[in-house]
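The sequence and the structure come before the description.

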Amino acid sequence: MTEAVRTHGLFKRYGPQIAVAGIDLVVPAGSFAGLVGPNGAGKTTSLSMITGLLRPDGGQAEIDGFDVWRDPVEVKARIGVLPEGLRLFERLSGRELLLYNGRLRGIPKADVEQRAGELLRVMDLADAADKLVVDYSTGMRKKIGLAAALLHNPSVLFLDEPFEGVDPVSANTLTEVLWRYTASGSTVIFSSHVMDLVERLCDWVSVMSAGHIVAQGPLEKVRAGRSLNQAFLELVGGPRDNGDSGLTWLGRGKQEPA
Amino acid sequence: MNTVALFAQLKLRLLVGNLRGDIQRKLGFVFTLIMSVFVSVIGFLLMSLLRLAPHDVAASIVVVVFSAMLIGWMVVPLLAFGLDDTLDPARLSLFPLPTHRLAVGMFTASATGVWPLATLIITAGALVGLATGVGGVLLGIVAVLLQFALCLVASRLVTTALSSALRTRRGRDVLAVAAIFVVLLAQLPNLLINSDIGDPAGMLRGVAALLRWTPSGMAAHAMADGGLTGLAELAVVALVVVVVGWLWIKALSRALVTPDSSTRAASVRRGSGLVDRFVPSGPLAAVVTKELKYIRREPRYRVGWFSSVVVALVLGFSVTRSGEVGASMPILLTASAGMMIALQSANSFGIDGRSLWMNAVTMGSERGLSTDLAGRHLAGALVAAPLLALLAVGAGLFAGHPEAIVPAILIGLGALGTGFGVGSVTSVVIPYTLPERMNAFSGAAPGQGGQAFVSGLGALLGISLLSLPFVVPLLFGLLWVSVLAPFYGLLAEALGRRLGAKIGFPRLPELLAAVSRPT
């Protein structure tokens, strides 16, 4: 089994706070991998370090066997990234953004135009192709961001919360494109905290909590017969009581006469 | 009364909450506090000292000051602060508040603060400076309060009426560019006074005679008058306050049910591919195309370009006025314009800001960064070169030295190239985040003011030093050196770019972090 992504003791701290505490993340090539964890678990920080956008304080990251920090040329040609927060070049139109991205990577103009046209059509953005990205809705931004990340046909795709704030129709489009992409042997790694989605899409899961990887492996193994949500709550330690202690006034049951 | 206390508390809470944890903001607030105390004390003193002036002059001055305050209150919040938390009615729209309570609350919130207090103190200074007799004092107190209320209500009316427009992207774009016109307009009185059009006293009388019939003017006049006329005037001002307040309430209730922002977006034209005819297809062409679009579409670029040209023009203008207009004027003007334009690239990545990752994930080597910088410079030069030529021709003809036009263009291009070279280095050594919304008071994200200052100063010094080899011979009248200037500029650009890429590439993650600060 070859690995698309492997990290050794990847570590990052912000002042006294340790964001990522030396993780060994492994993702086999060709898998559809989910990186799950509660807010603040270090998912975004990890993905930023693996994609070379944030300098780690320690440890290594390899993509397809190339070290991210020693071999940036090889690595950057192989990865596609959709970071969190979705800052795109807002004053370009969707089509211009794709053209810019493709040509920045040295793809011939005619090819870029053809690919951009197809991506816009598949993503259902053809009507909005000539509008400025600054005027796009969240779902449209995610879709154009994904299109930009796919344009140069990377072998590993990193997506940070690709489904957050996306309507079901757009989400469906996104997943279909991603399915098709992984079916050809490419790798997708995406972070999320929507367990249902991860369960439905992924064949490989890494669970992060407070800067550590607490479980990692094929979906069936991590889940071990439970639902992923249940497994996740047990792994990261959800609240023990079910909120019975307070909130007695909440709900219609015991309403006092006003 | 309850509402008043509630909203005053809310505003104070927000003020305190804004300060929590962030030392930079605390310092900023302390600075604001000192400034406002200073301004109110000086303002109060100056206003009360008007008592020493002849009564009619004092009255005229107060009329002008009151009107200026009113205009200031209407314009400044739009430009400098936008809509702060208590002022944006949309945030309150989910609470079950009747409109009149909301209006009272919003009024209280606007009256609570450092600058409203300063306004009140300065306005009250006029009471000391102007009011005569018991009637004058009594009317004066009412006039001060009315003027204060008028400032607040008018200010709120303007922000509320424009709030839906301000929340759209297009509205904010327009405002960003409008800000610069206001800053320029503020320079107008200065220029007028310098150009001794008439005697200041006469001008003051003229302006005051005109402004006297505005609500603020009437409040001021009533204070000076102190009689029945004054009483009548105050009645009118009170009426105006009520009407403006009523309009504001109307605007408020309309703003609460109008959708947040319009999503109607215009399409842009498809690119003409003009660049592709000159630049070989690839990353360079991509960056040039994108930068040219950004110069056209991004308000911060528009403001930058516009102000560089204006600064150069003002410089040239003041040189011209100072006496002899020689052949040096067109050269100086064009060179300074070239430098001002190039100074914008002292922080090349600032406007890309958090979008810069998109370039960063494609840059595998120093070459990538160097190409990126080259694209930015080429795009800048494509716009700057015709502009400089135009300036040189205009200045040469205006000064009556057409023979200076060609040297001026050459020197301008040299200055531009040198500036680009220096800018490549400062861009990677001292990068900083440009705030998304321009305002006249800060050019960097909170906490990065120092970097912005050092970067600008460093670039300026660097350009000046590097320009010496062709500035000195020019001072001795050796115009022929200008032939070398463009080549010198090209060399400086190439070397600076190489150095910048060498320093910048290993620091790419840090560079990215520095331009991605929250603003």
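The model is predicted.

**Chain A: strands**

| Strand pair | Residues | Direction | Bridges |
|---|---|---|---|
| Strand 1 and strand 2 of chain A | 3-14 and 17-23 | antiparallel | 5 bridges |
| Strand 8 and strand 9 of chain A | 156-160 and 187-192 | parallel | 5 bridges |

Strand 1 and strand 2 of chain A form a hairpin with 2 residues between the strands. In this hairpin, G15(A) has a positive phi near 60°. L10(A) lies opposite I23(A), a residue of strand 2 of chain A.

Chain A also holds an open sheet of 6 strands, in the order 7-8-9-4-10-11, and its pairing is mixed. Strand 7 (79-82) and strand 11 (212-218) of chain A are at the edges; each has a single partner strand, so one side of each has no neighbour in the sheet. On average, and with direction ignored, neighbouring strands of this sheet are turned by 15° against each other. Within the pair formed by strand 8 and strand 9 of chain A, D160(A) has S191(A) of strand 9 as its bridge partner.

**Chain A: helices on the sheet**

Helix 6 (residues 168-183) of chain A packs on the sheet and touches strand 4 (32-36), strand 8 and strand 9 of chain A. The direction of helix 6 makes about 140° with that of strand 9 of chain A. Helix 9 (residues 228-236) of chain A lies across strand 4, strand 10 (204-209) and strand 11 of chain A. This helix runs at about 35° to strand 10 of chain A.

**Chain B: a helix pair**

In chain B, helix 5 (residues 114-130) packs against helix 9 (residues 215-225) at an angle of about 30°, and their axes are 9 Å apart. Angles under 35 degrees count as roughly parallel, and helix 5 and helix 9 of chain B are therefore roughly parallel to each other. Their crossing is right-handed. Helix 5 of chain B contributes A126(B), L127(B) and L130(B) to the contact, while helix 9 of chain B contributes A220(B), M223(B) and A224(B). By class, this contact has 6 nonpolar residues, no polar and no charged ones.

**Chain B: A208(B)**

A208(B) belongs to helix 8 (residues 200-211) of chain B. Is A208(B) buried or exposed? A208(B) is buried, with 21 other C-beta atoms within 10 Å. Leaving out residues up to four places away in sequence, A208(B) touches S60(B), V63(B) and V64(B). L343(B) is 135 residues from A208(B) in sequence and 42 Å from A208(B) in space, C-alpha to C-alpha.

Notes:
Residues numbered from 1 in each chain as written. Chains lettered and ligands numbered in written order. Predicted model: local features only at pLDDT ≥ 70, side-chain atom pairs only at ≥ 80, totals over all residues. Axes fitted to C-alpha atoms, helices over the stretch in contact; angles between N-to-C directions. Helix = DSSP H or I, 4+ residues; strand = E, 2+ residues; numbered from the N terminus. Parallel < 35°, antiparallel > 145°, perpendicular 65-115°, else oblique. Left-handed = near helix turned anticlockwise from the far one by under 90°. Contact = placed C-beta atoms within 7 Å. Nonpolar A, V, L, I, M, F, W, Y, C, P; charged D, E, K, R; others polar. Buried ≥ 20, exposed ≤ 12 C-beta atoms within 10 Å, placed from the backbone. Pairing = 2+ DSSP bridges.
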